Amino acid sequence: TARADELLRGRNDFAARGELWRMRAGILYPYAGRFHDAIHVLDEGQGVLSQTPPDSASLAGIQISKAALGFWGDQNGPRALAALDRITPTSEMHQRGELAQVKAVISLISGDSTRAREIIRADGARISPDGRAIIDAMQAMMAGDCMAGSRIASQRKSFGPNRGARDVLR
């Protein structure tokens, strides 16, 4: 990423900088377990996006990513859920159930299955089929049935050829 920084220095190419932020925050740093570095990169992006309207899907997406990465970094479910509760999703994000999916998964992982059920009852119809598969697999695994969770994950063709989403659930 140092080479990418050098190439972008002095350029005001928002799309290229956004892609670099996405690569660092969403792929490179989390893969290396550098969650705090990922959050720092997202903070930079949030600073730039704070110039956009407050209902920006990109800004809400960064806030969701920061809360989720924060959870993976310190395993503090209540802190991550409180951060997610402060996010106001755009109407499009609300319709797709993106925030609800992340809240349900973090609730399940942190042991609050009651809250997860409430989220699913209230917003489950909006969550995508892939999102529902992730939640269903997570519920099965949290109930001790890892084989069922793995089976649910492996049956989702839309998780892609690299099996990345499936691997997360195994």
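**Close-up views of a predicted model**

**View 1. Helices α4 and α5 pack against each other in this predicted model.** The axis of helix α4 (residues 57-74) comes within 9 Å of the axis of helix α5 (residues 77-85), and the two cross at roughly 180 degrees. An angle over 145 degrees counts as roughly antiparallel, and α4 and α5 are therefore roughly antiparallel to each other.

**View 2. Residues that form the contact between α4 and α5.** From α4, the contact is made by Ile 64, Ala 67, Gly 70, Phe 71 and Asp 74. Helix α5 contributes Gly 77, Arg 79, Ala 80, Ala 83 and Leu 84. Sorted by class, the contact of α4 with α5 has six nonpolar residues, together with two polar and two charged ones.

**View 3. Gln 75 in the loop between α4 and α5.** Gln 75 has a phi near 60 degrees, which is a positive value in a residue other than glycine. With a relative accessibility of 48%, Gln 75 counts as partly exposed, because that class lies between the limits of 20% for buried and 50% for exposed.

View 4. The chain averages a pLDDT of 76, and 68% of the residues score at least 70. The pLDDT is below 50 over residues 161-170. Beyond near neighbours in sequence, this stretch has 17 contacts in the model. Where pLDDT is low, predicted coordinates should not be read in detail.

Definitions and conventions:
Residues are numbered from 1 along each chain as its sequence is written. This is a predicted model: local features need pLDDT of at least 70, side-chain atom pairs count only at pLDDT 80 or more; totals for chains, interfaces and linings use all residues. Side-chain values use heavy atoms; hydrogens and water are left out. Axes are lines fitted to C-alpha atoms, for helices over the stretch in contact, and angles run from 0 to 180 degrees between N-to-C directions. Helices (H or I, at least four residues) and strands (E, at least two) are DSSP runs, numbered from the N terminus. Angles under 35 degrees count as roughly parallel, over 145 as roughly antiparallel, 65 to 115 as roughly perpendicular and the rest as oblique. Contact means heavy atoms within 4.5 Å. Ala, Val, Leu, Ile, Met, Phe, Trp, Tyr, Cys and Pro count as nonpolar, Asp, Glu, Lys and Arg as charged, and the others, Gly among them, as polar. Buried means under 20% relative accessible area, exposed over 50%, partly exposed in between (1.4 Å probe, protein chains only). pLDDT is the predictor's confidence in each residue, from 0 to 100.
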